[in-house]
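Subject: Handing over the structure

Dear colleague,

I am passing the structure on to you with this email, and below it you will find my notes on what turned up when it was examined. Please keep the structure open beside the text as you read.

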Amino acid sequence: MFSNQQETILITIIAVYFVFLFGLSLFVNRSTKTYEDYNVAGRSTKLMPLILTFVGTAIGGSILLGYMTKGYLFGMGQQWLAIGFTLTSIVIAAFLLKRIRLLGEKYNMVTLGDFTALRYGEGARVPTVISILCAYSAITGMQFVAIATILNLTIDLNMTAGILIGWVLLTLKTYFGGLKSVMLQDAIHGTIQTVGIFFLLFVILFMVGDWGSVAESARNAEDGNMLSIFNIGTSEFLVYMLTIGAYQFVRQDVWQRFWAAKDIKTAKTGFWAAIVLGFLTAAIAVLIGFLGKFGLNMTNIDPALIYYEIIGQVLPFPLVIVMLIALLATVISCADSFFLAASSSIVNDIIKPRVGHKASDKKMLTYSRMSVVIVSIVSVLLALYIPQLVTLWITGSAMLVSGLLAPVLFGLFWRRTTKTAGLSAMWAGLIVAVAWQIAGHPFGLHPVFLGLPVSIITLVTVTLASQEEKEHAIFSEMKKTV
């Protein structure tokens with residue numbers, strides 16, 4: 001794709017960029033003194049960093065690379081990738097955020113496992129951790145794949161070698177930094193990626209000029225529906241809504257940022273702003289893929305390379321470098337956030353309950369960092385096993401949704417839900433989804449189509465068949481402010 005001289009320049013800039021990020025992690029590490037500093041940024045994050053870390057976490061490598069490819073291949077109907085997670089995020093902001101924040105403050109929560117254990121007993125931590133690890137290890141692995149893809153296309157590095165390099169570099173950076181470092185770097189990355197994607201759209205629209213000719217070209221293509229937002233199959237739509245959409249409700253990284261905000265007002269304002277920016281960025285990614293095919297007439301290319309082909313065609317080399325850095329920023333800001341979300345589950349929900357109050361803050365920090373290493377190993381194995389970006393994301397999300405969505409939502413809103421019902425629903429949904437994934441999706445059914453209904457049915461049936469329990473204390477707490 002580039003000349004030898006250009007490849008040398010790219011390698012140098014990318015190396016310098018990673019050294020800068022690693023140095024920043026070491027610098028922030030000096031102020032990371034406690035367990036809460038490392039996992040929830042000391043619960044003191046201000047508005048602008050919070051907005052940018054929400055956006056940086058929500059928009060990852062799968063958005064810019066996977067969504068553009070989808071838009072190129074299937075047209076504007078793929079906007080449901082963006083619409084799906086936006087609709088559920090709006091519901092979270094309107095109905096869940098205040099409850100989540102209140103409970104986090106009251107009970108000093110660090111993970112989703114803290115909530116499920118509070119609601120359903122300590123036994124709920126184990127299926128919660130397994131569900132979190134299934135999702136976040138897959139999504140972290142997805143970022144390794146994205147980095148490998150960038151290195152493969154820019155400097156012709158082997159994909160496996162690229163995955164391993166991304167794994168080592170991101171693991172080291174996250175190991176030393178913690179959430180304080182992640183949120184600081186997200187502020188940088190969130191700015192770069194947002195400005196970069198908007199800039200690219202404006203350049204493409206300027207080059208295309210006439211939208212009418214783009215629309216006409218799309219109407220004349222294939223079945224004539226490439227321009228329609230409703231050009232999406234029912235099954236595909238439901239998969240998006242029940243995985244990428246539904247998993248927003250049980251995203252531990254989002255819950256942790258609600259708790260990391262300095263107050264409830266900051267959490268609300270930051271999340272609403274991030275919803276708008278996140279939707280626009282994701283929708284633009286699909287639109288750019290669509291415009292690449294029907295505006296720039298790039299028809300004889302590998303769809304997976306649409307981002308690189310577009311920036312190579314419409315931008316001079318210095319700006320190509322900027323856009324590649326924007327892509328790297330997008331990938332990195334997602335990867336380290338998911339690293340910490342998964343690793344905090346291990347240390348908070350497996351290690352901490354077993355060491356109790358015996359371990360000092362220094363010891364818990366060590367456990368937190370070792371948990372990052374464990375997650376990184378699982379993630380890199382998944383990246384090598386399933387190297388397709390959106391497929392990897394959807395697979396991980398299905399495990400999380402099947403195991404946790406029903407118990408968490410029913411646990412927050414249905415007072416009648418019993419401890420046995422919640423715990424049974426977690427195991428039932430998770431086991432069915434994992435088994436169906438391993439079996440290779442028999443009958444063409446996605447695991448979430450079985451795991452989630454099984455979880456819901458189990459929870460409702462066991463609850464109604466059980467003796468009514470005393471109303472949980474969390475509902476008394478929520479009555480005070482919700």
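This is a predicted model: local features need pLDDT of at least 70, side-chain atom pairs count only at pLDDT 80 or more; totals for chains, interfaces and linings use all residues.

Val314 counts as buried, because its relative accessible area is 12% and the cut-off for buried is under 20%. If we set aside residues up to four places away in sequence, Val314 touches Leu200, Val203, Met207 and Leu296. Val314 and Ala82, by comparison, are 232 residues apart in sequence, and their C-alpha atoms lie 25 Å apart in space.

**Salt bridges**

How many salt bridges does a search of the whole structure find? The search gives seven, and I describe some of them here.

In one of them, the side chains of Asp114 and Arg125 meet at 3.0 Å, taken from N to O. Asp114 belongs to helix 6 (residues 112-120) and Arg125 to helix 7 (residues 125-155), so this pair ties together parts that are 11 residues apart in sequence. Both Asp114 and Arg125 are buried.

Arg125 also meets the side chain of Asp349 in a salt bridge, with an N to O distance of 2.5 Å. This pair links distant parts of the chain, since Asp349 is in helix 14 (residues 317-355) while Arg125 is in helix 7, and the two residues are 224 apart. Asp349, like Arg125, is buried.

A further salt bridge is formed by the side chains of Arg415 and Glu471, at 3.2 Å from N to O. Arg415 lies in the loop between helix 16 (389-413) and helix 17 (419-438), and Glu471 lies in the loop between helix 18 (448-465) and helix 19 (473-479), so the pair ties together parts that are 56 residues apart in sequence. Are these two partners buried or partly exposed? Arg415 is partly exposed, with a relative accessible area of 40%, and Glu471 is also partly exposed, with a relative accessible area of 32%.

**Helix 7**

Helix 7, where Arg125 is found, can be checked for its length. Its 31 residues should span 45 Å at 1.5 Å a residue, and the C-alpha atoms at its ends are 44 Å apart, which agrees. Of those 31 residues, 25 are buried, so helix 7 is largely enclosed by the rest of the structure. The helix is followed by Asp156, which has a positive phi near 60°.

Leu133 is also placed in helix 7, and Leu133 is partly exposed, with a relative accessible area of 25%. Not counting residues up to four places away in sequence, Leu133 touches Ala138, Ala342, Ile346 and Val375. The C-alpha atoms of Leu133 and Ser343 are separated by 8.4 Å, although the two residues are 210 apart along the chain.

**Helix 3 against helix 14**

At what angle do helix 3 and helix 14 pack? Helix 3 (residues 47-58) packs with helix 14 at about 95°, and their axes are 7 Å apart. That angle makes helix 3 roughly perpendicular to helix 14, because angles from 65 to 115 degrees count as roughly perpendicular. On the side of helix 3 the contact involves Gly56, Thr57 and Ala58, which meet Thr330, Ser333, Cys334, Ser337 and Phe338 in helix 14. The residues of this contact divide into three nonpolar and five polar, with no charged residue among them.

Gln78 is placed in the loop between helix 4 (61-74) and helix 5 (80-107), and with 1% relative accessibility Gln78 counts as buried. Leaving out residues up to four places away in sequence, Gln78 touches Lys70, Gly71, Glu236, Tyr240 and Val286.

Thr463, finally, lies in helix 18 and counts as buried at 0% relative accessibility. Apart from neighbours within four places in sequence, Thr463 is in contact with Trp414, Arg416, Thr417, Thr418 and Ala421.

With best wishes

How values were computed. Residues are numbered from 1 along each chain as its sequence is written. Side-chain values use heavy atoms; hydrogens and water are left out. A salt bridge is a side-chain nitrogen of Lys or Arg within 4 Å of a carboxyl oxygen of Asp or Glu. Helices (H or I, at least four residues) and strands (E, at least two) are DSSP runs, numbered from the N terminus. Buried means under 20% relative accessible area, exposed over 50%, partly exposed in between (1.4 Å probe, protein chains only). Axes are lines fitted to C-alpha atoms, for helices over the stretch in contact, and angles run from 0 to 180 degrees between N-to-C directions. Angles under 35 degrees count as roughly parallel, over 145 as roughly antiparallel, 65 to 115 as roughly perpendicular and the rest as oblique. Contact means heavy atoms within 4.5 Å. Ala, Val, Leu, Ile, Met, Phe, Trp, Tyr, Cys and Pro count as nonpolar, Asp, Glu, Lys and Arg as charged, and the others, Gly among them, as polar. The expected span of a helix is 1.5 Å times one less than its number of residues.
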